[in-house]
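Subject: Model for your review

Hello,

Please find the model below, with notes on what came out of it. Have a look at the structure before reading on.

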There are 4 protein chains.
Amino acid sequence: MKTRAISSDDKHLKRSLILNAARDLFLVDDRQLPAVAAIAKQAGLAKGTVYLYFSTKEEIFLALLAEEFAGLLSSIHAHLLNNVGEKKLSKKQKHELASSLIDAIADYLQSHPEFLRLDAMSYSVLEQNLSDDFLYAFKYELTRTLVDTGKQLDLALALENGRGVSLLLRTYALMRGLWQSLDYPEHLQKLLAHKMFEPIRPDFHSEVRLALGEYWLGALA
Amino acid sequence: MKTRAISSDDKHLKRSLILNAARDLFLVDDRQLPAVAAIAKQAGLAKGTVYLYFSTKEEIFLALLAEEFAGLLSSIHAHLLNNVGEKKLSKKQKHELASSLIDAIADYLQSHPEFLRLDAMSYSVLEQNLSDDFLYAFKYELTRTLVDTGKQLDLALALENGRGVSLLLRTYALMRGLWQSLDYPEHLQKLLAHKMFEPIRPDFHSEVRLALGEYWLGALA
Amino acid sequence: MKTRAISSDDKHLKRSLILNAARDLFLVDDRQLPAVAAIAKQAGLAKGTVYLYFSTKEEIFLALLAEEFAGLLSSIHAHLLNNVGEKKLSKKQKHELASSLIDAIADYLQSHPEFLRLDAMSYSVLEQNLSDDFLYAFKYELTRTLVDTGKQLDLALALENGRGVSLLLRTYALMRGLWQSLDYPEHLQKLLAHKMFEPIRPDFHSEVRLALGEYWLGALA
Amino acid sequence: MKTRAISSDDKHLKRSLILNAARDLFLVDDRQLPAVAAIAKQAGLAKGTVYLYFSTKEEIFLALLAEEFAGLLSSIHAHLLNNVGEKKLSKKQKHELASSLIDAIADYLQSHPEFLRLDAMSYSVLEQNLSDDFLYAFKYELTRTLVDTGKQLDLALALENGRGVSLLLRTYALMRGLWQSLDYPEHLQKLLAHKMFEPIRPDFHSEVRLALGEYWLGALA
DNA sequence: GATGAATGAGGTTTCATTCAT
DNA sequence: GATGAATGAAACCTCATTCAT
């Protein structure tokens, strides 16, 4: 591709091109950020072009992660808006709301396999090598949306102020921790095929529902 | 320490020397495994010597992590042995046991700052570049101890078979997820000093107690 | 040379730059492939640049050797084309042709001191650490040219089919064997200065003519 | 083995132990000198012990090569002694002697597969890293025996003085050159399985007889 | 004499990023 | 704006040899 992205739309398009290429490659071989050369090739661009849109490799993947966070949170937000009326909920209704929320989250995770994979890289790999500005913008946006959604939750469940954010944070912690504990690379799966390892390899998607269920049960008690 | 580790004890000592050096350096600059050269220097050894005791850099840190896991699990195990009598516990007593267990865990985390730091590297960095044998041995030992401790828990709380392991796994997931969500490198801390970020930076050690408390409350309901 | 090799010609030029640097260094200290760092320095390039043109160090030297083979064989080829008329040669004329061929070969060796030096590394050092593709391409081209030249020889000397290749192969074997037997590194030369060692250190360039002369005499008998 | 070699015989025995171990390992994976650690292990000795008998790794293999040379030359020597009477040989008888000599050589090569393999390492690898003394002793002994055998040849074939050595040297050159040209490591053999490569991979043991036959035919003409 | 623990020089290769074209 | 050639830091691991025990 040698077309020049002149209009703002074109730029946005090319940015997406890169992000998609990066996501595709990452899904093929997670636990390792693909090389910039590979991303460029996959996107049909030159290496240098990638650097016109992102200033480090990590930026690409943090941008991808930001999208995922936004998606999950907006999904939760939407769910809350849909299911909240004006009247106060009964205890049972609250639990039902929590339960459906968990379903919404688990569904999102299932349909966005790259989310927690990327997320698992963020602590050790992704947040290196980023400009303060970019990192700040990421955290800023994330916090804003999170707090926002937290407030929705406060309203929906008649929680005390700030409780919603806390619940969301802990929910997030639990699901990312579970992912990292239960996702094994292929060769490890073979190694752990023996029955004795069964306790440490339940299916993630079932497990996350159960664990979140327990957590919310306690949290709402 | 003698210059040459001839006896098996001496060897074990030298191994520890390396592990300690590695831990020390890692604590100074976590999120990045120190170079083998640096570890060797810190331990007062030559690079090659390190490779007499470990066959890759990652082995060193996985060995360190193995020690931590062993420590935490034995700590839990001990706690269970101390606090379990023969009679069946009342519901209240069970919650008290859970609560004290959480304390034990949280105390361990507080006194072993390297544990969750290392742990956070294990998904993306640590489990690369290891021989299948070593990795298997690690998982084997970990699973064995985990299942063992899980059984103790089953007994102590009169749980159905296998429930204990599950509780431990989810507890672990929650604490590792929280760590990664709440531990910020220094420069990020400065960036996030503003009040608006308060919701995303509660103190880890308080937070882990609270979150685990909620989880166990729900799990034992 | 431009700093950036953009056109295909420029690239070819830069490749040559590297090959020449490698050859120069190798001639200074044969029996040891120079380090890539040294080659890069000699060529006025960065180490990484070398790896843009060759994917392992050995590739560089095998490429060099390939050039030498091509040179020798084309030299032989040319010689045959020049000296072959349509009429059948008499026995004497055949021997004269052989003799002049030997001269052509020996002249080539004399003016390409790197050829047999490199060649002597090929068995034990050079053919390690090469991709199958590269090695195959090398052997393929070599075989093709060799067989081709062999056929010319068949024609020129009215040999039975395939005899020419065989003669060339044995000629090559003899000259490479002689080189390795008669080329001494400097410090060994001093060690073997005594008269008693004279029988094992005749001058290679005379010796190769004599030995090849004897061989061809027998081969054409 | 922790026995001490006190008597001279014991020492000689232990030396042989090392040499045999080295030969065995080298035969398994030629084109690469085995590591000293491997040799020691194979010999049932400690690494340090090896260095009591040889001062560098290369010494071991040069000693091995020396044995081979001695074996070949003594084999030739013996052959000459057996087949030489006092009377002058006819031309035909001379050719018969040469022919049987070639057979003797080729037989030796066939029954000593390590000879030319080792020999092929001598130019580029083996003669590095040796003390002048050792190297000199090697060359001295070799030259002495060679000249000696050469003289026998002079006598047997009524050659002019020194011609025998020359013939032997060229014979050696041809056979080592052929070996290096025709011995392919396994993975290359697969690569060159195609019919087009047939001309460059005749069987060494047949080829060496034919080529030497031609050479001697010319040399005795 | 024998051992094997310790040494540390040495060189390859990768790849994120820059910048001349 | 786009390209891709050039850069060069960074780090691993091997293994021959030494020497304390």
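How do the residues of the surface near DNA strand E divide into nonpolar, polar and charged? The model is a predicted one. In it, 20 residues of that surface are nonpolar, 13 are polar and 14 are charged.

DNA strand E has 47 residues around it, and the closest are B:G48, B:T49, D:A46, D:G48 and D:T49. Elements that contribute two or more residues to this surface come from four chains: α2 (36–43) and α3 (47–53) of chain A, α3 (47–53) of chain B, α2 (36–43) and α3 (47–53) of chain C, and α1 (8–28) and α3 (47–53) of chain D.

Next, the contact between chains A and B. Chain B supplies 40 residues to it and chain A supplies 42 residues. On the side of chain B that touches chain A, two or more residues each come from α6 (114–126), α7 (132–157), α8 (163–182), α9 (186–191) and α10 (204–220) of chain B. The largest share, eleven residues, belongs to α8(B). By class, that side of chain B has 27 nonpolar, seven polar and six charged residues.

Chain B superposes on chain A by a rotation of 179° with 0.0 Å of shift along the axis, at an RMSD of 0.2 Å. The two copies are therefore related as by a two-fold rotation axis. Within chain B, the residue that comes closest to the rotation axis is B:G218, its C-alpha lying at 1.7 Å. Of the interface residues of chain B, 100% are also interface residues in chain A, so the copies meet through the same surface.

Regards

Definitions and conventions:
Residues numbered from 1 in each chain as written. Chains lettered and ligands numbered in written order. Predicted model: local features only at pLDDT ≥ 70, side-chain atom pairs only at ≥ 80, totals over all residues. Contact = placed C-beta atoms within 7 Å. Nonpolar A, V, L, I, M, F, W, Y, C, P; charged D, E, K, R; others polar. Near = placed C-beta within 6 Å. Least-squares fit on C-alpha atoms with pLDDT ≥ 70 in both.
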